[in-house]
Amino acid sequence: MRVLGEPPALAAVVIERANVENALVGAFSQAPAVELIAGAGSGKTTAAVLYANKRSNSVTWVTLTSELSAHELETELDRAVRESASASKEEDDRRDAWHTALVVIDNAEIIADRPDIGFIVDELLQRIGSGPDVLLLTQRHLGAATGELILRGLCSVMTADDLLITKPDVVELARKLTPSRTVDSEAIVQKSVGWIAGAVLLMRFDCPMPTTVSPILVDYIESSVLDVLPTAGQDLLLAGALLGRITRHDSAGLLSTHGERIFAALRGSGLPMLRVEGDTLVYGPMLRACLLEILPRRYSTRLSELRRRFAFYLSNAGRFDDAVEWSMGAGEPQLAVEALEAGIRCAPDLAVFSDRVERWSGLIGESYVSNSDVLTACLLRALHARRSIERAVTLIHQLEEDSRMDNILAVDPGIIGIVLWTLHSRPGEAEHYAQGAQDNHRADAVRFMLAATSGIEPALPPLDTRWENMAPIVHWGMLWQGRCDDIVDSLGSLDSEDNPNVVLASLWTGRMDVAESALERIPEERSGRPHAEFARAAIAIAKGNCAEARQILRKNADEARRTGGQNHFEVLAAWATLKSGAPAEAAALRQSLIDMDGGERRAISEWARLVVGVALLELDHPNDAMMVLRPAVDSMCRARRHLMLPAAGYALAEAYVRMGDDVTAASVLADIRRRAGTHGSSYWAEEVLQKCPRLQGGMLLNQLAVAEVHAEPEFPQFAASAGSTEDRQPFRVELLPFHEPPLIVVDGVGSSARRLKVVELIADLSQHPDGIERSRLQERLFPEVGRSKGGNHFRQIVFRLRELTGVRLERRNATVVAWPESVNLIAADRQFEAEVLRARTVSAPTDADMQVLREALDLAPGLYLPGSDLTWVEERRTYLSVLFEEAVTKLLWWAVEAGDIDLVRQYGARVLDFNPFSEEIYGLLIRAENLGGNRIAAMAIFQRAHAALGELGLEPGPDLRRLVQGGPGLLSDRASSGRASR
């Protein structure tokens, strides 16, 4: 073997590896050249020497170094080629891989840094097939040097995977290296991931992994694996060790924008113990353990910054669980909290995190989570979702004590509805929160429910008629108002889904079959919730199964208490007790419920008074019954809670009759009939009337019926919902946001909007055709204004929109507002964007394609929404400017290819008005003038380019110079051209 440069360095102990030799033989049987790509310590040099020694013909070994003379290399390779030609003439009958001359080029990756050597090696490779076989040993793929040969089938490729050490290899090595020791071959292969140098080092210097690593192992990895990489590659390899596996996207999170480029280079570097799995690099245990030892030495000041950057990257990418795991793995719970906050703040709705925040709390620590306003808001949502009302109330009280509730509402305005619902059993406390969030759909629903069940004045429901998931709350308030028919009418709509109040409204108006059907429609997984069980118990009582009802209520008492429904459970249980023939036991409810503070849950207190009053009547205590029932009837009348009003009126009248006061009894009956009208529960009225024998057997009811025939109703009923009126809306609204000022065209009539906010509102809604959360829309329009003032401003703009265009926004669900589907909204920026994106797909443009693109450009004569300084407007303005540049450039290329000189002049001049520094546009204009034979104009354009670029201290590039000189070249490097900024 002749050697040029350094001789191949062999280890003191070498073993024959049949699998590696067979791989080399197989590679040379397929092609006369083999590129063996493997990192340091993979055994490629040893494998090449052992293979070369078995070749019967001449072998030339070349070790490339930075000092090697190109002349010496050329001479030696020429000699090898000549000898190969001579040998082939003598041994044509034995022409095979074992009898052909062989050239081994070690450290072949150096040709990237030595063009002179690369040229000589390339000449050798061009003779492949007619000269010697060539074995290239390299730590990274040689790219163009071997790429064409691989495609032509003249070069095979082997990688580090072909050199992986096996368990039998480890046993043989150990027998020679450490004959006095027994090694665990399977563990060594696993730890080293088949890297032979790592296996040898482990046999000699192994320590328990991964807790400790031999310093010798660490030093070898650092010098032979890490230091051979460029600095950026070292950064990524070290940073990835924190993860144990790194994806292409993770690389961007670790090293910012240039991470993916470095990832691609690292993936092709053939590093040992770094397994490639698609777009993921997986670290072997030993490699990771060693790198984790090196990392603090090199990045002691940057390690914390690196961890923080990646944690925030994971969170902002929506990988919240990974962010928590990453931060806690580094022992930084506060980092986990801060990363979660950053990602969650970007989410449109904090409700999506309610199912995860308690798990995070267990991982991070409750003390850390509770100090975060964002995570505390999520926790409050989680408690509400699980109906852990007691815990939620305790949390709200603690936040109030710490003066943090305002902060919670600020970071999550939509949580006001949950706060109000949580405090629905404490209306006095809820009243403070009911004052705010005037435009929150959930808050409106809960506010109505609180007013209807606990207020002292009549409560009017919000105007919305599609309640969806808030329907049970609204219907609970409507139920106590006695508006049962309205609730039952919702059957078949989303409002009736999973809604036990539909069951109660049907049952308590005598429609048992409807009630049972509505109960069956409650999903099985939710049919065991307290309110559904409450409805089931009510059905059992109505069927006469009072013992069953009491059992249901007792079984679910604890859960009802947890969700804040214990009081109405106790009242219904008392009613079942009374129906079972135990009035004294039922009357005991008096002390536990009806004496509660009058401001708390008045509807439940009034109902409790009814049950107690009827029990006292059965015990024949009419005076006590009157004392209990009179406040209930007065309160129901004043607040128009009509559900129990007829029943309470009958019971009160019975008490007065038994006391001998028929006049007052008659007055009560007349007043109740007049006030309740058709509202109220027929079930409760009939049940109570059965327990009023003096009233049934007397003349008062008959006299009242006769009087009603000649009477006019005096008490006004609830007004119809405003949602029932249908005002005319326009058919078509066009937004022209590129004009100054922007134009709004309504059914063909144009108007320049004097209120920029109206234009911004229309523009934002055009970007969200499926709707946008109302609170988010308000924040996007008024980012610097507080929530309450922002709500006022928003309502003014919505009113101004309706005044200007006749358009009324609509709700798509509980919290989302949208442009009405009946009005066709056409936004010029959306049209422009769609046509430019479509042009990207055109490979062979026609005249029609050019015309469409021209029309799209004409839609954007200026800046997007000039005068607006909203962040999202500025971002879209930049995006549309980039699209504009792309579209104009594409159109000019199409025009040049079509020979349309006038079109190039027209649109090229327009772009240069915005950006006089774009060489690509200058090149297109020069090309067009050359095509038209106007060399003078072409020179004038070049001079303009020269003057413009001179302002930046630059000169036109060689492509532009060749164009003006009439050369055949056409400016083709589009990536280097300046942007036509808008």
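Glu277 is partly exposed, at 35% relative accessibility, a class that lies between buried (under 20% relative accessible area) and exposed (over 50%), computed with a 1.4 Å probe and protein chains only. Arg245 is also partly exposed, with a value of 42%. Glu277 and Arg245 form a salt bridge whose closest N and O atoms are 3.7 Å apart; the term stands for a side-chain nitrogen of Lys or Arg within 4 Å of a carboxyl oxygen of Asp or Glu. Glu277 belongs to strand β8 (residues 274-277) and Arg245 to strand β7 (residues 245-247), so the bridge ties together parts that are 32 residues apart in sequence. Helices (H or I, at least four residues) and strands (E, at least two) are DSSP runs numbered from the N terminus.

The model is predicted, so local features are given only at pLDDT of at least 70 and side-chain atom pairs only at pLDDT 80 or more, while totals for chains, interfaces and linings use all residues. Residues are numbered from 1 along each chain as its sequence is written, and side-chain values use heavy atoms, with hydrogens and water left out.

The protein chain has 51 helices and 16 strands. Of its 982 residues, 52% are buried. The chain exposes about 43900 Å², and carbon and sulfur atoms supply 50% of that area; accessible areas come from the Shrake-Rupley method with a 1.4 Å probe, and for residues only the protein chains shown count as cover. Among contacts with a separation of 6 or more, 69% are between residues 24 or more positions apart, where contact means heavy atoms within 4.5 Å.

The salt bridges come to 41 in the count. One of them joins Arg876 to Glu833, with the closest N and O atoms 2.9 Å apart. This pair links distant parts of the chain, as Arg876 is in helix α47 and Glu833 in helix α45 (residues 828-839), 43 residues apart. Arg876 is buried at 10% relative accessible area, and Glu833 is buried at 15%. Shared partners also join Glu16, Glu21 and Lys54 into one network of salt bridges. Glu654 is buried, with a relative accessible area of 0%.

Helix α47 (residues 871-898) also holds Glu875, which is exposed at 54% relative accessibility. Glu784, Asp869, Glu874 and Glu875 form a negative surface patch. Residues in such a patch have over 30% relative accessible area and no salt bridge, with like charges joined within 9 Å and nonpolar side chains (Val, Leu, Ile, Met, Phe, Trp, Tyr) within 5 Å. Lys and Arg count as positive and Asp and Glu as negative, leaving out His and the chain ends. The place of a charge is NZ of Lys, CZ of Arg, CG of Asp or CD of Glu.

Elsewhere, helix α10 (residues 231-241) is largely enclosed by the rest of the structure, because 9 of its 11 residues are buried. Among them are Gly233, Gln234 and Asp235. Ser192, in helix α7 (residues 185-192), is buried at 0%. Residues up to four places away in sequence aside, Ser192 touches Gly198, Ala199, Leu202 and Met273.

Ile120, in helix α4 (residues 115-126), is buried with a relative accessible area of 9%. Beyond its neighbours within four places in sequence, Ile120 contacts Ala70, Leu73, Glu74 and Leu77. Val13 lies in the loop between β1 (2-4) and α1 (18-30) and is partly exposed at 24%. The C-alpha atoms of Val13 and Lys176 are separated by 7.0 Å, although the residues are 163 apart along the chain.

Some backbone angles remain. Most residues other than glycine have a negative phi, and most peptide bonds are trans. Asp620 has a positive phi near 60 degrees; the residue sits in the loop between α35 (602-618) and α36 (622-639) and is exposed at 53%. Leu865 has a positive phi near 45 degrees, in the loop between α46 (847-858) and α47, and is buried at 0%. Glu740 and Pro741 are joined by a cis peptide bond, with omega about 0 degrees. Pro741 is in the loop between β10 (732-736) and β11 (743-746).
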